[in-house]
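Please keep the sequence and the 3D view at hand while reading.

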Amino acid sequence: MQFVTSTEALASSTTDCLIIGTFEGKKPGPELTELDQLSDGLLGKVLKSGDFSGETAQTLLLSAPAGLACQRLLLVGCGKKKELDARAWRKISEATAKALLATRATKALTNLHSLPLEGQDTAWMASQLIEAIGQASYRFDKLKSKGKADKPPALKRLAFLVADQEQESQLKPALSQAEAINQGMKLCKDLANLPGNVCTPSYLADQAEALGEEFKTIKTSVLDEKAMEKLGMGALLSVSRGSREPAKLIVMEYNGLKKGAAKGKPIVLVGKGLTFDAGGISLKPAAAMDEMKYDMCGGASVFGVMRAIAAMKLPLQVVGVVPSSENLPDGAANKPGDIVTTMSGQTVEILNTDAEGRLILCDALTYSQRFEPEEVIDIATLTGACIVALGNHAAGLLGNDQALCDGLLAAAEASGDRAWQLPLWPEYDEQLKSPFADMANIGGREAGTITAASFLARYTREMRWAHLDIAGTAWKGGSEKGATGRPVPLLTRYLIQRAGK
Ligand code: BES
Ligand code: MN
Ligand code: ZN
């Protein structure tokens with residue numbers, strides 16, 4: 001799908017679908033007057049009929065409107081002018097995307113993004129609409145032998161109306177950024193939606209190699225269990241021992257700096273890549289256990305971000321690290337009470353084998369130090385407690401550097417891919433005490449998201465570090481089951497800001 005700017009005249013446009021936003025009212029507002037006149041009062045009649053009032057996110061499709069050159073006219077309600085805010089805009093974007101993709105229009109033209117929205121510019125508005133189209137056009141039916149979900153969307157090209165060159169040059173970069181974010185989200189969702197018998201650690205490693213082939217700016221390397229053994233990754237390998245699939249430590253190094261530019265310090269992203277988490281010997285209950293194929297969503301989001309920033313050619317150095325394993329019960333699996341030695345030298349008493357994410361992440365975080373990072377951000381479906389705390393609206397954010405957390409929070413707000421910070425006070429860390437090892441891998445029932453982060457904090461003392469717990473945001477269950485592609489928008493937006501773009 002292409003997203004472009006256009007200076008076409010609305011009224012004479014022969015586009016397949018003209019998308020026009022209008023505020024609530026009984027008569028056509030100023031944004032509709034010209035079209036209303038050309039169509040001999042059609043829009044006035046529509047409003048008078050009561051079928052369409054222009055309330056937020058209401059849509060009405062008119063086919064072959066007489067007097068206009070377009071094939072279809074899609075009216076989009078934007079509510080009361082004073083009430084149009086970021087949240088309403090997202091609803092409007094979703095409704096527009098759905099209504100547009102339900103048509104067979106291949107080309108569309110819109111001026112929706114030029115409505116007045118306090119605190120946001122047209123570039124932001126267009127980005128949100130493009131993202132909504134990415135979401136609405138996503139299908140995952142490659143494993144169905146027949147009866148594919150439904151017809152693929154017909155839309156090939158959406159043009160955003162601009163008044164002049166200045167507007168055009170303001171909007172253009174935002175369009176290509178949003179398109180790249182969509183590509184990244186699609187990759188993230190595709191990997192995440194694959195079942196555990198297809199998407200194994202080795203499969204993820206192959207996908208990382210493929211990304212390295214596709215982009216000259218990405219260099220992929222994969223550590224196998226032998227290499228990890230040498231490095232002393234006792235915690236990561238202890239999780240993998242309960243599975244027949246060998247663990248992989250996937251490393252994707254992106255360098256978008258100009259040739260010959262001085263090497264700087266990279267930003268390292270570490271994503272939890274549990275391709276299936278049955279809990280191990282501390283086995284999970286059967287209900288909805290299938291959803292634990294999504295326990296690699298942190299890793300999938302790292303893939304997505306790498307693709308997005310490579311497509312955008314962001315002038316940055318970013319390293320993606322994805323420790324990947326299964327967590328299954330087996331004769332060789334971790335047992336409650338086992339004590340393992342991590343790559344950092346610290347020892348861990350494993351009181352619950354289902355708290356495996358932190359075991360693979362701690363070694364990956366220690367490993368990250370070799371890149372002399374500017375900062376490290378880990379992303380993980382780490383705790384059910386995070387869903388209890390924040391539901392599926394926000395990711396949990398914790399870290400040891402407030403400037404880094406503030407940057408992530410700002411990107412979360414800007415992208416609509418929200419996060420909420422939780423405290424990392426030393427009192428919580430005390431819950432990890434063990435009589436036999438340096439620490440236990442669980443901290444009891446209370447504040448589960450924070451004690452999990454406190455565990456990781458013990459492996460990141462020398463770095464500026466932040467942690468995103470995406471257990472509630474990475475996928476949806478129930479009838480809408482599927483990966484969401486989050487937090488690719490948040491992280492990509494953050495990196496765009498870091499690149500000063
Ligand atoms: N992958 C799970 C966390 C999870 C659970 C994410 C449900 C999304 C939905 C993680 O490995 C896990 O099992 N965590 C345990 C930790 C506990 C044993 C301290 C949990 O949250 O129950
Ligand atoms: Mn688990
Ligand atoms: Zn897990």
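The model described here is a predicted one.

Strands of a sheet pair through backbone hydrogen bonds, and the pairing is either parallel or antiparallel.

One pair can be followed in detail. Strand β5 (residues 107-110) and strand β6 (residues 157-161) run parallel and are joined by four bridges. Within this pair, Leu109 has Ala159 in β6 as its bridge partner.

## Two helices side by side

How do the axes of helices α6 and α9 cross? Helix α6 covers residues 201-214 and helix α9 covers residues 297-312; their axes come within 11 Å and cross at roughly 5°. An angle under 35 degrees counts as roughly parallel, so α6 is roughly parallel to α9.

On the α6 side, the residues that meet α9 are Leu204, Gln207, Ala208, Leu211 and Glu214. Their counterparts in α9 are Phe303, Met306 and Arg307. Sorted by class, this contact of α6 with α9 has five nonpolar residues, one polar residue and two charged residues.

## The manganese site

The manganese ion (ligand 2) is coordinated by Asp277 (OD), Asp354 (O), Asp354 (OD) and Glu356 (OE), at 2.0 to 2.2 Å. Along the chain, these donors follow the spacing D-x76-D-x1-E.

Why is the arrangement around the manganese ion (ligand 2) irregular? The six donor atoms subtend angles of 68 to 166°, and this makes the arrangement irregular.

## The zinc site

The zinc ion (ligand 3) has Lys272 (NZ), Asp277 (OD), Asp295 (OD) and Glu356 (OE) as its protein donors, lying 2.0 to 2.4 Å from it. The site is octahedral, with angles of 77 to 178° among its six donor atoms. In sequence, the donor residues are spaced K-x4-D-x17-D-x60-E. Lys272 lies in the loop between β9 (267-271) and β10 (273-277), and Glu356 lies in the loop between β13 (347-350) and α10 (357-368), so the pair ties together parts that are 84 residues apart in sequence.

The zinc ion (ligand 3) and the manganese ion (ligand 2) are 3.1 Å apart. Asp277 bridges the two ions.

## The three-stranded sheet

A further open sheet consists of three strands in the order β12-β13-β17, and its pairing is mixed. Strands β12 (338-341) and β17 (439-440) stand at the edges with a single partner strand each, so one side of each is left without a neighbour in the sheet.

Strands β13 and β17 pair in the parallel sense over two bridges. Glu349 has Ala440 in β17 as its bridge partner.

Methods: Residues numbered from 1 in each chain as written. Chains lettered and ligands numbered in written order. Predicted model: local features only at pLDDT ≥ 70, side-chain atom pairs only at ≥ 80, totals over all residues. Heavy atoms only, no water. Pairing = 2+ DSSP bridges. Axes fitted to C-alpha atoms, helices over the stretch in contact; angles between N-to-C directions. Parallel < 35°, antiparallel > 145°, perpendicular 65-115°, else oblique. Contact = heavy atoms within 4.5 Å. Nonpolar A, V, L, I, M, F, W, Y, C, P; charged D, E, K, R; others polar. Donors = N, O, S within 2.8 Å, 3.2 Å for Na, K, Ca; no water. Tetrahedral: all angles 85-135°; square planar, octahedral: opposite > 155°, others 65-115°.
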